[in-house]
Amino acid sequence: MRFDRIWFNARLATLAGDSTGLGIMEDGAVAAKDGRIAFAGPARDLPTGWDAVDRIDCEGRWITPGLIDCHTHLVFGGDRAQEFELRLKGASYEEIARAGGGIISTVKATRAAREDDLVAGALLRLDHLMAEGCTTVEVKSGYGLDLETETRMLRAARRLGEERPVSITTTFLGAHALPPEANGDKDAYIDEICGTMLPAVASEGLADAVDAFCEGIAFSPEQTARVFAAAHALGLRTKLHADQLSNLHGAKLAAEYGALSADHLEYTDEEGAAAMAKAGTVAVLLPGAFYMLRETQLPPVAAFRKHGTRIALATDCNPGTSPLTSILLAMNMGATLFRLTVEECLAGVTREAARALGRSDEIGSLEPGKSCDLAIWNIERPAELVYRIGFNPLHARIWRGQ
Ligand code: DI6
Ligand code: FE
């Protein structure tokens, strides 16, 4: 067997299979052929007579699957630092919105931005994620709220994957907020999403999935269900911002539609957690938004564990509620704020994040046939990836075998 490249003298956390463990292998090796993993396991199990063009001695370092940030709003115009300052001085969300701030200020800045500007801004954030070992990043639209800007955002997101060696998956989030020109008519805007925006986005192949914000300040479960039905009719999988600020039973709704994931979930009840487990809908927890909003309601982690709901973790990188571009800090917050274990945190940014994107057959673990996306770390044990705050022990990042 002649491999393109082999990494040897490494310790592996394969995250393979469906177990809750890390799949640890001492004295391991990973071999790549044509961008895919051809072998991952104990060095003694390498096929006899193997050979490789490149041999890389990892000197005992740890190899994990490349990390996956499965929920971001990386593409947007402007910034919201000023709003943050106002909030520190005691201004409420409503006061800020009335003064022209909040999510609509990002919509205005995004509508005014050229595609090149959106790409340039997002690359700064993407580079941070990649520097911490991310090899796949999900990017949502949702700051355009009209067809032209939503598609510009999605094109900008796709371009990120051409500008950098990273895999980008895109999600259409037209139902993120109500645009000002809708004059308060949410149903009419949902009509436009289902009748015009979604078909256009689907026909251009711009979105890998469809998301919505189901919340009192956004869209109702009925409106969300209409978006999901329209997405399904076009053959698109769904995801949902659910139960972030109140329990509208978004988790259960997502499960009913067989959604890939339901995200946030601070207010989800046990019934919602059980429904998600049964449907295979992944719980994507977003501790950056929890922290930034000084939320105190914890997501129902015990119920997720009890029912076997899969748990992923992501940055939710967005200018309003989670200006976070560190997947390592998201893991630390997942452990410290949500009491997730090291195994849950690591699985949450690899195997389970892949599941939340519907891409488990391609990425998320060190298994033959999957894309050879690796992160090689200067650490003595996997817990260091979760334990340290503001420290990046990445030694090397490999995407598709390179
Ligand atoms: N949940 C959030 O916390 C953000 N979007 C969402 O669906 C808020 C986005 C923003 O304020 O820009
Ligand atoms: Fe989000």
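**Notes for a first look at this model**

1. Let's start at R11, which stands opposite W62 in strand 5. Strand 1 (residues 2-13) and strand 5 (residues 62-65) run parallel and are joined by 2 bridges. Strands here are DSSP runs of E with at least two residues, helices are runs of H or I with at least four, and both are numbered from the N terminus. Two strands count as paired if DSSP finds at least two bridges between them.

2. A word on the ground rules: this is a predicted model, in which local features need pLDDT of at least 70 and side-chain atom pairs count only at pLDDT 80 or more, while totals for chains, interfaces and linings use all residues. Residues are numbered from 1 along each chain as its sequence is written, chains are lettered from A and ligands numbered from 1 in the order in which they are written, and side-chain values use heavy atoms, leaving out hydrogens and water.

3. Strand 5 has a further partner to look at. With strand 14 (residues 374-377) it runs antiparallel, joined by 4 bridges. In this pairing T64 stands opposite A375.

4. Now turn to the open sheet of 8 strands, whose order is 6-7-8-9-10-11-12-13 with parallel pairing. Strand 6 (67-69) and strand 13 (311-313) are its edges, each pairing on one side only. On average, neighbouring strands are turned by 25° against each other, direction ignored; axes are lines fitted to C-alpha atoms, for helices over the stretch in contact, and angles run from 0 to 180 degrees between N-to-C directions.

5. Helix 6 (residues 186-203) touches strand 8 (167-175) and strand 9 (209-214), and its direction makes about 150° with that of strand 8. Helix 12 (residues 327-338) touches strand 6, strand 7 (134-140), strand 12 and strand 13, at about 80° to the direction of strand 6. Contact means heavy atoms within 4.5 Å.

6. Strand 10 (residues 237-242) is joined to strand 11 by 4 bridges, in parallel, and L240 stands opposite A262. The chain gets from strand 10 to strand 11 through helix 8 (residues 250-256), a right-handed β-α-β crossover (with the strands pointing away from the viewer, the path over the helix runs clockwise from the first strand to the second). Strand 11 (residues 261-264) then pairs with strand 12 (residues 282-285) over 3 bridges, again in the parallel sense. Here S261 stands opposite V282, and D263 has V284 as its bridge partner.

7. What surrounds ligand 1? Residues with a heavy atom within 4 Å count as near, and they are R80, I103, Y143, H176, F213, H241, Q244, H264, N318, G320 and T321. A polar side-chain atom of R80 lies 2.8 Å from a ligand oxygen, and an N or O atom in the side chain of Y143 is 2.6 Å from an oxygen atom of the ligand. For Q244, a side-chain N or O atom is 3.0 Å from a ligand nitrogen. The protein covers 97% of the 320 Å² of accessible area that ligand 1 has on its own (Shrake-Rupley method, 1.4 Å probe).

8. Finally, D146 sits in the loop between strand 7 and helix 5 (147-163). Its side chain and that of T149 are joined by a polar contact of 2.6 Å (N or O atoms within 3.5 Å, where within protein one must be able to donate a hydrogen and the other to accept it, and residues adjacent in sequence count only if both atoms are side-chain atoms). Leaving aside neighbours within four places in sequence, D146 is in contact with R111 and M197.
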